[in-house]
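I opened my notebook to look up a few residues and contacts.

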Amino acid sequence: MSRRQQIEDRLRAAFSPRELQVVDDSESHRGHAGYQEGGESHFNVAIRAEEFKDMNRLARHRAIHAALGPELIAEIHALALDVDA
């Protein structure tokens, strides 16, 4: 299973978002630090879920990182998050 799909599956399971977009942006980072041939190193995630309503920005990011798990986070060089309730 691709990293993009793992991210999407784990975020859907953890937050039941009403909106979720996971974009592999790795190709635009070719030649930069952390780029991996074949992609799946840089991701942009936009997520909207009711669970984030009472969380500040740091708590939202921590919750997402916890949902993805340390093993998957370790495989990703960059994870840009756009999070809202």
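I began with a term: a polar contact is a pair of N or O atoms within 3.5 Å; within protein, one atom must be able to donate a hydrogen and the other to accept it, and residues adjacent in sequence count only if both atoms are side-chain atoms. I noted that this is a predicted model, in which local features need pLDDT of at least 70, side-chain atom pairs count only at pLDDT 80 or more, and totals for chains, interfaces and linings use all residues. Residues are numbered from 1 along each chain as its sequence is written, and side-chain values use heavy atoms, with hydrogens and water left out.

**Entry: Ser28**

I looked up Ser28 with that term in hand. A polar contact of 2.9 Å joins the side chains of Ser28 and Asp25. Ser28 sits in the loop between β1 and β2. I wrote down how such elements are assigned: helices (H or I, at least four residues) and strands (E, at least two) are DSSP runs, numbered from the N terminus. Is Ser28 buried, partly exposed or exposed? Ser28 counts as partly exposed, because its relative accessibility is 46%. The cut-offs are these: buried is under 20% relative accessible area, exposed is over 50%, and partly exposed is in between (1.4 Å probe, protein chains only).

I stayed in the loop between β1 (19-24) and β2, where Ser41 lies. Ser41 is buried, because its relative accessibility is 0%. Which side chain does Ser41 join by a polar contact? The partner is His42, at 2.7 Å. Next I listed contacts of Ser41 (contact means heavy atoms within 4.5 Å). Leaving aside neighbours within four places in sequence, Ser41 is in contact with Arg3, Asp24, Ser26, Gly34, Tyr35, Gln36, Ile76, His77 and Ala78.

Glu40 is in the loop between β1 and β2. I found a positive phi of about 60 degrees for Glu40, although Glu40 is not a glycine. Glu40 counts as buried, because its relative accessible area is 18%.

I moved to the loop between α1 and β1, where I found Ser16. Its phi is near 45 degrees, a positive value in a residue other than glycine. Ser16 is exposed, because its relative accessible area is 60%.

Arg18 is also found in the loop between α1 and β1. Arg18 counts as exposed, because its relative accessible area is 57%. What does the side chain of Arg18 reach? I found the backbone oxygen of Ala85, at 2.4 Å. Not counting residues up to four places away in sequence, Arg18 touches Arg48, Ala49, Glu50 and Ala85. The C-alpha atoms of Arg18 and Gly38 are separated by 30 Å, and these residues are 20 residues apart along the chain.

**Entry: Ala46**

I looked for Ala46 and found it in strand β2. Ala46 is buried, because its relative accessibility is 12%. Ala46 touches Glu19, Leu20, Gln21 and Asp82, not counting residues up to four places away in sequence. Ala46 and Ala66 are 20 residues apart along the chain, and 17 Å separates their C-alpha atoms.

**Entry: the aromatic pair**

How many aromatic pairs does the structure hold? I found one. Phe15 and Phe52 form this pair, which is tilted, with 4.8 Å centre to centre and 40 degrees between the planes. Rings of Phe, Tyr and Trp (its six-membered ring) pair if their centres lie within 6.5 Å; planes under 30 degrees apart count as stacked, over 60 as edge-to-face and the rest as tilted. The pair links distant parts of the chain: Phe15 is in helix α1, Phe52 is in the loop between β2 (42-48) and α2, and they are 37 residues apart. Phe15 counts as buried, because its relative accessible area is 7%. Phe52 is buried, because its relative accessibility is 0%.

**Entry: two helices**

I ended with helix α1 (residues 3-15) and helix α2 (residues 57-68), which pack at about 115 degrees with axes 9 Å apart. The contact is made by Ile7, Arg10, Leu11, Ala14 and Phe15 of α1 and Ala63, Ile64, Ala67 and Leu68 of α2. Axes are lines fitted to C-alpha atoms, for helices over the stretch in contact, and angles run from 0 to 180 degrees between N-to-C directions.
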